[in-house]
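User: I am new to reading protein structures. Could you walk me through one, feature by feature?

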Amino acid sequence: MRRGDGQAIFTAECSHSFHFQCIASNVKHGNQICPVCRAKWKEIPFQGPTDRARNNNDEFMTVLRRLPPPRSNSARNPAPTFQSPEPSIFNDDESLDRKIDSTNTTFSVKTPSDNLNHGRKVNIKTYTEVSTVVKSRKLDSFTVLLHLKAPASHSQTSRAPVDLVTVLDISGSMAGTKLALLKRAMGFVIQNLGPNDRLAVIAFSSTARRLFPLRRMSETGRQQALQAVNSLVANGGTNIAEGLRKGAKVMEDRREKNPVSSIILLSDGQDTYTITQNRPNYEMLLPLSVRPNESSTFKIPVHAFGFGGDHDASSMHSISEASGGTFSFIETEGIIQDAFAQCIGGLLSVVVKDLRLGIECVGPTVYIGSLKAGSYHNRVMPDRRTGSIDVGDLYADEERDFLVSVNVPVEETSILKVSCVYTDPVTKEFVKLEGEEVRIERNNDVAKISIEVDRQQNRIRAAEAMATARALAENGDLAGAVSALESFRKVLSETASARSGDRLCASLEAEVKEMEERMASRHVYEASGRAYILSGLSSHSWQRATARGDSTDGSSLVQAYQTPSMVEMVTRSQASLLGSPSGQRLLRPMWSSFGSQPKPR
């Protein structure tokens with residue numbers, strides 16, 4: 001306990017600080033859990049009786065009272081395993097258990113009989129760029145939009161459990177506010193994982209260590225995970241490659257696997273052990289075991305979070321891109337919990353696994369010209385009659401849009417057939433769906449432009465403009481980069497979808513304008529422009545929400561890909577930060593002890 005501003009300050013074992021009077025009153029009413037990170041305290045503050053012989057009749061404060069140790073039951077309450085020596089093989093993952101306590105059935109598993117009979121399937125729609133084509137006309141390039149929408153969440157009583165490995169930077173630059181915010185964000189993640197989900201924690205600085213093995217987030221597992229996270233201390237350098245190696249090793253060595261697997265990587269610095277600044281090869285940071293290859297395009301995605309203005313955005317983006325994950329830019333330190341919440345909101349709602357989209361030409365002289373699929377692996381067969389796109393996993397209610405260019409011979413009306421195959425992660429069923437045949441009408445009516453197709457063409461043009469601008473900026477031509485973005489905005493404003501007031505087009509306009517501002521000078525670009533653009537490219541190329549600056553705020557226009565599950569989890573995060581009046585009172589001393597206060601939401 002220490003004195004501060006005329007009041008006693010109590011610092012708990014989890015490193016969070018509070019006014020003694022406030023926290024002692026809270027404990028007196030039976031609350032022995034940290035209101036910030038939810039860790040269960042072993043030592044608690046309480047006020048002793050008044051001692052008039054001390055401190056001029058000031059009330060005597062007893063700083064700590066040790067809680068009685070829990071009753072010995074090694075089978076039910078094993079000792080925190082993060083204190084154990086690190087094994088050479090990480091095959092000590094906790095066994096999967098589908099039986100769930102009756103007090104929390106949220107994460108039970110459906111039986112195969114609860115299958116797709118209630119409309120629980122991916123919805124496939126197609127749109128042609130115009131509604132009709134003159135009968136005598138042939139087209140060398142005709143665009144068809146393929147639209148996929150994942151089903152809603154399985155139900156409130158069932159979802160696919162997750163194996164999550166968090167790889168956390170605890171280098172010296174994370175000391176102070178950053179580390180405290182990271183602990184709080186991890187506390188939120190831990191509290192929102194279910195008893196069938198498993199979590200492992202890797203901490204890295206100059207070296208890396210497995211802080212917490214892959215354990216189910218039962219009540220005991222949560223408490224042990226919170227204790228492990230709250231034991232983190234910042235020091236040393238930044239060895240991202242070693243952290244990822246150990247994170248990948250947890251996934252490789254585990255004896256059992258949950259249906260969904262992912263790695264979350266957070267760093268605020270640059271790898272100083274693996275990357276050379278002259279000719280950086282960022283692929284060296286990513287272990288081979290989590291990279292897609294020819295035999296399997298579905299590996300383990302690494303969702304990377306660049307924390308603050310000094311992280312290496314290029315390396316973090318490269319890591320996420322190569323693994324099939326997303327890159328988020330946490331510019332405002334206070335939104336780290338919201339950024340994590342958005343990510344796990346998606347991971348905890350996976351309803352489709354390993355989806356592959358198939359395209360087949362119907363008319364005998366129709367051929368595929370190109371596929372526009374962003375970062376998704378796609379292929380067109382040599383005869384150009386068939387093609388495919390590896391979409392991978394989809395979150396509940398998530399949507400994907402791909403553009404196919406084909407030729408249309410004179411009088412031809414039958415164009416394409418579309419199908420998809422995937423696995424339902426809950427029922428384990430292999431699903432095959434056939435979409436309706438894509439046909440075009442042949443008459444002399446005035447053709448109507450499809451707003452749906454035009455909108456997606458604008459999204460692809462935006463991503464191409466961002467990539468061009470980034471390449472120019474990296475070569476020192478900031479003026480050329482800004483000019484490329486301005487040119488896109490001019491083209492965008494003249495399109496049918498933008499003129500119709502389409503929300504995605506308004507979002508693209510605002511986003512690109514923001515990028516132009518972040519290229520005002522070399523200093524601004526290095527500080528935030530590069531990370532902002534790369535996060536935008538990640539979002540558009542995967543069609544998945546990423547955090548940028550404070551963009552998890554629901555009022556932001558850049559949240560075109562947020563799903564209901566993401567929104568719900570971010571709302572839950574923000575509610576936990578705002579808390580009740582008593583919660584706010586308890587939180588204030590922590591911020592005052594850091595000397596800074598988060599921006600109001």
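This is a predicted model: local features need pLDDT of at least 70, side-chain atom pairs count only at pLDDT 80 or more; totals for chains, interfaces and linings use all residues.

User: What is the relative accessibility of Cys361, and is Cys361 buried or exposed?

Analyst: Cys361 has 4% relative accessibility and therefore counts as buried.

User: How many disulfides does the structure hold?

Analyst: First the general idea: a disulfide is a covalent bond that links the sulfur atoms of two cysteines. In this structure, the number of disulfides is zero.

User: Now the sheets, please. What is the strand order in the open sheet of six strands?

Analyst: Reading across that sheet, the order is S11-S10-S9-S12-S13-S14, and the pairing is mixed. At the edges are strand S11 (208–216) and strand S14 (327–330), each pairing on one side only. Ignoring direction, neighbouring strands here are turned by 15 degrees against each other on average.

User: What lies against this sheet?

Analyst: Helix H2 (residues 177–192) packs on it, touching strand S9 (162–169), strand S10 (198–204), strand S12 (260–267) and S13. The direction of H2 makes about 175 degrees with that of S9. Helix H3 (residues 219–230) lies across S10 and S11, and runs at about 165 degrees to S11.

User: How many residues of S12 are buried?

Analyst: Eight of its eight residues are buried. Both faces are covered: one side has Val260, Ser262, Ile264 and Leu266, while the other has Ser261, Ile263, Leu265 and Ser267.

User: Which way does S12 run relative to S9 and S13?

Analyst: S9 and S12 pair in the parallel sense over seven bridges, with Thr166 opposite Ile264 in S12. S12 and S13 also run parallel, joined by five bridges, and here Leu266 stands opposite Phe305 in S13. Phe305 has Ser328 as its bridge partner in S14.

User: What does the open sheet of four strands look like?

Analyst: Its order is S6-S8-S19-S16, with antiparallel pairing. Strand S6 (123–128) and strand S16 (368–372) each have a single partner strand, so one side of each is left without a neighbour in the sheet. From one strand to the next, the twist averages 20 degrees. S16 is joined by four bridges to strand S19 (residues 399–408), and the two run antiparallel. In S19, Val406 is the bridge partner of Ile368.

User: How do I describe two packed helices?

Analyst: You give the angle between their axes and the distance between those axes. Here, helix H7 (residues 451–474) and helix H8 (residues 478–493) have axes that come within 7 Å and cross at roughly 170 degrees. Angles over 145 degrees count as roughly antiparallel, so H7 and H8 are roughly antiparallel to each other.

User: Which residues meet where H7 and H8 touch?

Analyst: Among them are Ala462, Ala465 and Leu472 in H7, and Ala484, Leu485 and Phe488 in H8. By class, this contact has 12 nonpolar, three polar and one charged residues.

User: Where is Glu452, and what does Glu452 touch?

Analyst: Glu452 is in helix H7 and is partly exposed, with a relative accessible area of 30%. Not counting residues up to four places away in sequence, Glu452 touches Tyr127 and Leu145. Glu452 and Tyr127 are 325 residues apart along the chain, yet their C-alpha atoms are separated by 7.2 Å.

Conventions
Residues are numbered from 1 along each chain as its sequence is written. Side-chain values use heavy atoms; hydrogens and water are left out. Two strands pair if DSSP finds at least two bridges between them. Axes are lines fitted to C-alpha atoms, for helices over the stretch in contact, and angles run from 0 to 180 degrees between N-to-C directions. Angles under 35 degrees count as roughly parallel, over 145 as roughly antiparallel, 65 to 115 as roughly perpendicular and the rest as oblique. Contact means heavy atoms within 4.5 Å. Ala, Val, Leu, Ile, Met, Phe, Trp, Tyr, Cys and Pro count as nonpolar, Asp, Glu, Lys and Arg as charged, and the others, Gly among them, as polar. A disulfide is a pair of cysteine sulfur atoms within 2.5 Å. Buried means under 20% relative accessible area, exposed over 50%, partly exposed in between (1.4 Å probe, protein chains only).
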